[in-house]
Amino acid sequence: MLDKEFYVLAFDSTHYAIDTEKKLKEHLEIETIPTPREISTSCGLSIKFRVELLDRVTELVKEDLNNMKLYRIVREGMKKNVYPMSI
């Protein structure tokens, strides 16, 4: 089943995506996904996580915030609404 609402971290480079994935997987259940096409600036890899993990994720990545962007994605039927978020 598709999540109705979730967050995505998009990265400037694959290096940052892989490093962040390793760091987060030690503590949380996340998923590495291709960057949604609605997000145009990214290396192609993103990290998807549930809404309730937002505070914990931002705490774990706070030292690397310059290398990533956060988006909230809300599905409405077949449409994905993408909202840039500040971290």
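The expected span of a helix is 1.5 Å times one less than its number of residues. The model discussed here is a predicted one. Helix H1 (14-25) has 12 residues and reaches 16 Å from its first C-alpha to its last, close to the expected 16 Å.

**The sheet**

An open sheet of 5 strands is ordered S2-S3-S1-S4-S5, and its pairing is antiparallel. Strand S2 (31-34) and strand S5 (79-85) stand at the edges; each has a single partner strand, so one side of each lacks a neighbour in the sheet. On average, neighbouring strands are turned by 35° against each other, direction ignored.

| Strands | Bridges | Residue pair |
|---|---|---|
| S1 (residues 5-11) and S4 (residues 68-76) | 7 bridges | Phe6 and Ile73 |
| S1 (residues 5-11) and S3 (residues 45-49) | 4 bridges | Tyr7 and Phe49 |
| S2 (31-34) and S3 (residues 45-49) | 4 bridges | Pro34 and Leu45 |

Strand S1 is mostly covered, with 6 of its 7 residues buried. In the strand order, S1 stands between S3 and S4. In a regular strand the side chains alternate between the two faces of the sheet.

**The helices**

H1 lies across S1, S2, S3 and S4, and runs at about 30° to S3. Which residues of H1 are buried? They are Ala17, Thr20, Glu21 and Leu24. These four cover an arc of only 105° around the axis, which puts them on the same side of H1. An α-helix has 3.6 residues a turn, so residues three or four places apart point the same way. The cover over the buried residues of H1 includes S1, S2, S3, H2 and S4.

Helix H2 (54-61) has Leu54, Val57, Leu60 and Val61 among its buried residues. Their directions span an arc of only 135° around the axis, which places them on the same side of H2. The elements against which the buried residues of H2 pack are S1, H1, S3 and S4.

Glu59 also belongs to helix H2. Glu59 and Arg72 are 13 residues apart in sequence, and their C-alpha atoms are 17 Å apart in space.

**The nonpolar cores**

The largest nonpolar core has 16 residues, and those with the most contacts inside it are Leu9, Leu24, Leu28, Phe49 and Val57. Two or more residues each come from S1, H1, S3, H2 and S4. H2 gives the most to this core, with 4 residues. In soluble globular proteins, nonpolar side chains tend to be buried together.

What does Leu9 contact, leaving aside its neighbours within four places in sequence? Its contacts include Thr20 and Leu24, both of which are buried in H1. Val57 is another contact of Leu9, and this residue is buried in H2. The list for Leu9 also holds Leu45, Ser46, Ile47, Phe49, Met68, Lys69, Leu70 and Ile87.

Conventions: Residues are numbered from 1 along each chain as its sequence is written. This is a predicted model: local features need pLDDT of at least 70, side-chain atom pairs count only at pLDDT 80 or more; totals for chains, interfaces and linings use all residues. Side-chain values use heavy atoms; hydrogens and water are left out. Buried means under 20% relative accessible area, exposed over 50%, partly exposed in between (1.4 Å probe, protein chains only). Two strands pair if DSSP finds at least two bridges between them. A nonpolar core is a set of buried Ala, Val, Leu, Ile, Met, Phe, Trp, Tyr and Cys residues joined through side-chain atoms within 4.5 Å. Contact means heavy atoms within 4.5 Å. The arc is that of the directions from the helix axis to the C-beta atoms. Axes are lines fitted to C-alpha atoms, for helices over the stretch in contact, and angles run from 0 to 180 degrees between N-to-C directions.
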